[in-house]
There are 2 protein chains.
Amino acid sequence: MVTLAEVARHAGVSASTVSYVLSGKRTISTPTRERVERSIRELGYHPNAGARALASSRSHIIALMMPLRTEMYLPVMMEIAIAVATTAREHAHDVLLLTGQEGPEAARRVVGSGLADAMILMDVELEDQRLPLVRETSRPSVLIGLPSDTTGLTCVDLDFAATGRLCVDHLARLGHRDLAVVGEAAAVYERRTGFAERTVRGVRERADELGLRVLHRPCDGSYESVAGTLARIFDERPGTTGLVVQNEAAIEPLLSLLRQQGRAVPEDVSVVAVCPEQVAAGTSVALTSVAIPAQQMGRLAVESVMAMARASAAGGDAEPVEPRVELLPPALTVRASTGPAPAARRAG
Amino acid sequence: MVTLAEVARHAGVSASTVSYVLSGKRTISTPTRERVERSIRELGYHPNAGARALASSRSHIIALMMPLRTEMYLPVMMEIAIAVATTAREHAHDVLLLTGQEGPEAARRVVGSGLADAMILMDVELEDQRLPLVRETSRPSVLIGLPSDTTGLTCVDLDFAATGRLCVDHLARLGHRDLAVVGEAAAVYERRTGFAERTVRGVRERADELGLRVLHRPCDGSYESVAGTLARIFDERPGTTGLVVQNEAAIEPLLSLLRQQGRAVPEDVSVVAVCPEQVAAGTSVALTSVAIPAQQMGRLAVESVMAMARASAAGGDAEPVEPRVELLPPALTVRASTGPAPAARRAG
DNA sequence: GTGAAAGCGCTAACAT
DNA sequence: ATGTTAGCGCTTTCAC
């Protein structure tokens, strides 16, 4: 194994010079730098991660915790993870993947051992088990999602309440008066993950303001479940013409079922989905949708956590980064699944 | 930060004793062990990862490389990643997530720096860029997938050739004579990832043996693409009654389109899918399928890599683990999407 | 069964 | 602009 000392000898300089060439923390004359860089290349030197972490007490590793409880939509998680890893590399950091089996202890272990110098937490619950640790640790941490009490926490998420309102606005403008929300599986609500509730709250809020009626039905992704949910909706409110769907798995079954029932989309029923762009664009009827900006969330989380790390590294010099909740504004893209409400309708 | 030395002082023993209590590498009297363990608990001690890695030259980290090129089915990747992380923890290891942007250099960096002491590579191509490194490094590495030359490599994958044969066997037994494979996107074949080809080869092989006819059409997951693919298949071979689908995204569109065209599944057309169990069970028609054992693959990969690590740690003592290709046998589950071939058929 | 001490390879004062 | 050097916290001989 090639060490820094060997590089130094080969280049005819001291160890610290090599170190400083690597870190750029002090000015090195061009000839020396070039000599060192050449030696590094020729010897195939790679700084030892452990030694570096020990000496500098910075591991250059960000821990990404995804508990992966039931019913989460894997592709979105994955997209976030990818964005996190990519962005981390842009900041010369690597990502350690922590899944849920270990429980909140994992975070404690990883932070306590200095394995990671920062943390990004996904799949945040309203009363998340990991919050005490996050609050007490000095390590920069960012949550992707919102707990019920965000005091002192830095969070990133889509503004789901605004998302709900936006969906209603769109449907209301098209003349729809009776709406229904096909939501996530009941387990998601029970787990109190927050985002599902926030959407529904946004929907209700704006619907009330505009005098629309709303039915909300949780629904797991299976074909039968979607069928049942739809049946109950149209049974209870035959005049329903606007559907807001927040459940990726339910989308295709839903479209398929509507078709079978002779309800044309968007002539008879308009559908707005809350889902990744990719999903919305690839369905049998291209969906009007509010995108879940997975990439953006991952990127922003890393960017925040790095800003915090920088600030705490600078000590009192830099202004400390205030904890803050960053809610991404939703954007609705109109596609083929929404249109004017049918003119003739029963009273519902 | 609590150090091992502080624990030692607190327990009234030497540093090495604490170290040995932690590692179990030498016998400690019960009273001392208990005293040390108590001190550890009381002080909230966590061994420093960097120091440990430096002293022992083992980081207890496995790098998981997933290049994530176009058109890969994210949920399967994710499932593998989760299984890898879970299994790694059972072996007291953590997982470092490497994505593709950095290219093969990432592997070199991570291994060269001692950041990871083992590697698991996903999304392996036939002539994978990372193979030279894998072959030259002494670090235990396992590929999930098969390159064209597996000499000296340890690989884990589903036996896709056997999968193809199994699908044909099933359809043949039901009396189908004209089959079609709805494959992955053309990009997947061009990228020479191997698995898609292997399935088709298996299908062709067995079909030839049994005197069946096979059409193979790549297909991306979009609704239009599936529509086009189906049209071409039934145009060219109107007598086609058996479909093998290896493309998760294409499944729902396909079922939906068949329904629209008045082709009943399985009365008119039988469909066998190669996809995760979860997908097969959740579709509008429950699919007869060969499962992609993502969890098993992830677990097996970690288990192999750990076995190799153990062997090389033991030096000459243990018998070295021979590199080997482990192909998981496919299992076909019969569900609702396959049935006897319709009796009356045109010659095609 | 336990201790003492020599590193592991790097960083960051402190020098000049 | 560069060199010297004292650790960082742990593992692991070697010694008893």
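Predicted model: local features only at pLDDT ≥ 70, side-chain atom pairs only at ≥ 80, totals over all residues.

Visitor: How many bridges join strand S6 of chain B to S7(B)?
Guide: Strands here are DSSP runs of E of at least two residues, helices are runs of H or I of at least four, and both are numbered from the N terminus. Two strands pair if DSSP finds at least two bridges between them. S6 covers residues 178-182 of chain B and runs parallel to S7(B), and the bridges joining them number five.

Visitor: What angle does the direction of helix H10 of chain B make with that of S7(B)?
Guide: H10 (residues 195-210) packs on the sheet, touching S6 and S7 of chain B; contact means heavy atoms within 4.5 Å. Axes are lines fitted to C-alpha atoms, for helices over the stretch in contact, and angles run from 0 to 180 degrees between N-to-C directions. For H10 and S7(B) that gives about 165 degrees.

Visitor: Which strands stand at the edges of that sheet in chain B?
Guide: The sheet is open, with six strands in mixed pairing and the order S7-S6-S8-S9-S10-S12. Two of the strands have a single partner each, so one side of each is left without a neighbour in the sheet. Those are S7 (213-217) and S12 (332-333).

Visitor: How much area do chain B and chain A bury between them?
Guide: In the contact between the chains, 42 residues of chain B meet 42 residues of chain A. Buried area is the accessible area (1.4 Å probe) that two parts lose on being put together, summed over both. With 67% of it on carbon and sulfur atoms, the value is about 3600 Å².

Visitor: Which residue of chain B meets Asp94(A) in a salt bridge?
Guide: A salt bridge is a side-chain nitrogen of Lys or Arg within 4 Å of a carboxyl oxygen of Asp or Glu. The count between the two chains is four. At 2.7 Å, N to O, the partner of Asp94(A) is Arg109(B).

Definitions and conventions: Residues numbered from 1 in each chain as written. Chains lettered and ligands numbered in written order. Heavy atoms only, no water.
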